[in-house]
Amino acid sequence: MSTTQLLQRVLAASAIGLAFAASAMAQTAFTLTSTTFKDGQMMPKKVANSTSTNPNCVGENVSPQLSWTGVPDGTKSFAILMEDPEGRGGAGVHHWVAYGIPATVTSFAEGELSKASDKYVGGKSTQGVGNYSGPCTPPGSPHHYTFILIATDLDPKELAPGLTREELQAKIVPPPPAMSHAKGTAGLVGLFTKPS
């Protein structure tokens, strides 16, 4: 499966993807990139988590550099999700949930997301933390770590800290008749597995 196909599958499988698929396709200029790794390629060992109790956490938990261009009109803030759809035997792992990123912010330096910052509001990952939580991939086939950037019309201070991925999705895409707060999405996929 190609990187583009996997990203489309992840987006389509989530409530956000269902709500924004047309927007993501129409907003081709809205792109997410990284100098730490190339889309669809292996990420360096340093981005893996460093949890001493898990033998698969072999890195330094250094968050990758991220930057984006082509911001959709009307954007007031961004949200970022980092997903591992193959984690937990296919149940998926939400490695990072962040939002309230002001529209004036269009990049994060390498390592900047590994700790709390006033540039974003930390949600609650599967690991229970609000900052970047890197891969702890077992040996074997690489997992596809999908970074999803969502442009929203929400004020950066509108949402309280600690929202889970599902709670954030419900805020961005509330049930009808409420209007969606999404302006567009962009994505990037990095691969990782425990080195042998």
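Reader: In what sense do strand 1 and strand 3 pair, and over how many bridges?

Author: Strand 1 and strand 3 pair in the antiparallel sense, and three bridges join them. Please note that this is a predicted model. Within this pairing, Thr 31 has Thr 69 of strand 3 opposite it.

Reader: What is the strand order of the open sheet of three strands?

Author: The order of this open sheet is 1-3-6, and the pairing is antiparallel. Its edge strands are strand 1, residues 31-33, and strand 6, because each of them pairs on one side only.

Reader: How many bridges join strand 3 to strand 6? And which residue is the bridge partner of Leu 66 in strand 6?

Author: Strand 3 and strand 6 run antiparallel and are joined by two bridges. Leu 66 has Phe 108 of strand 6 as its bridge partner.

Reader: Where do Trp 68 and Phe 78 lie?

Author: Trp 68 belongs to strand 3, residues 66-69, and Phe 78 to strand 4, residues 77-84, so the pair ties together parts that are ten residues apart in sequence. Trp 68 has a relative accessible area of 3% and is therefore buried. Phe 78 is buried as well, at 1% relative accessibility.

Reader: What geometry do the rings of Trp 96 and Tyr 120 have?

Author: The ring centres of Trp 96 and Tyr 120 are 5.4 Å apart and the planes stand at 85°, so this pair is edge-to-face. Trp 96 lies in strand 5, residues 93-102, whereas Tyr 120 lies in the loop between strand 6 (107-108) and strand 7 (121-122); the pair therefore ties together parts that are 24 residues apart in sequence. Trp 96 and Tyr 120 are both buried.

Reader: Which residues form one aromatic cluster?

Author: One aromatic cluster is formed by Phe 30, Trp 68, Phe 78, Trp 96, Phe 108 and Tyr 120.

Reader: How many disulfides does the structure hold, and how far apart are the sulfur atoms of Cys 57 and Cys 136?

Author: The structure holds one disulfide. The bond joins Cys 57 and Cys 136, whose sulfur atoms are 1.8 Å apart.

Reader: Is the disulfide of Cys 57 and Cys 136 right-handed or left-handed?

Author: Handedness is read here from the torsion about the S-S bond, which is about 105° for Cys 57 and Cys 136, so the disulfide is right-handed. Cys 57 lies in the loop between strand 2 (41-42) and strand 3, and Cys 136 in the loop between strand 7 and strand 8 (143-152), so the pair ties together parts that are 79 residues apart in sequence.

Reader: Is Cys 57 buried or exposed? What of Cys 136?

Author: The cut-off matters here, because buried means under 20% relative accessible area. Cys 57, at 10%, is therefore buried, whereas Cys 136, at 22% relative accessibility, counts as partly exposed.

Reader: Where is Ser 34 placed, and which residues does Ser 34 touch?

Author: Ser 34 is placed in the loop between strand 1 and strand 2, and it counts as buried at 7% relative accessibility. Leaving aside residues up to four places away in sequence, Ser 34 touches Pro 64, Gln 65, Leu 66 and Leu 188.

Reader: Which backbone atoms does the side chain of Ser 34 reach?

Author: The side chain of Ser 34 reaches the backbone nitrogen of Thr 36 at 3.0 Å.

Reader: Which residues of helix 3 are buried?

Author: In helix 3, residues 165-172, the residues Arg 165, Leu 168, Gln 169 and Ile 172 are buried. Viewed down the axis of helix 3, the buried residues fall within an arc of 100°, so they line one face of the helix.

Reader: Finally, how far apart are Gly 184 and Thr 152 in sequence and in space?

Author: Gly 184 and Thr 152 are 32 residues apart in sequence, and their C-alpha atoms are 7.4 Å apart in space. Gly 184 belongs to strand 9, residues 182-192, and is buried, with a relative accessible area of 0%.

How values were computed. Residues are numbered from 1 along each chain as its sequence is written. This is a predicted model: local features need pLDDT of at least 70, side-chain atom pairs count only at pLDDT 80 or more; totals for chains, interfaces and linings use all residues. Side-chain values use heavy atoms; hydrogens and water are left out. Helices (H or I, at least four residues) and strands (E, at least two) are DSSP runs, numbered from the N terminus. Buried means under 20% relative accessible area, exposed over 50%, partly exposed in between (1.4 Å probe, protein chains only). Rings of Phe, Tyr and Trp (its six-membered ring) pair if their centres lie within 6.5 Å; planes under 30 degrees apart count as stacked, over 60 as edge-to-face and the rest as tilted. A disulfide is a pair of cysteine sulfur atoms within 2.5 Å. Two strands pair if DSSP finds at least two bridges between them. A polar contact is a pair of N or O atoms within 3.5 Å; within protein, one must be able to donate a hydrogen and the other to accept it, and residues adjacent in sequence count only if both atoms are side-chain atoms. Contact means heavy atoms within 4.5 Å. The arc is that of the directions from the helix axis to the C-beta atoms.
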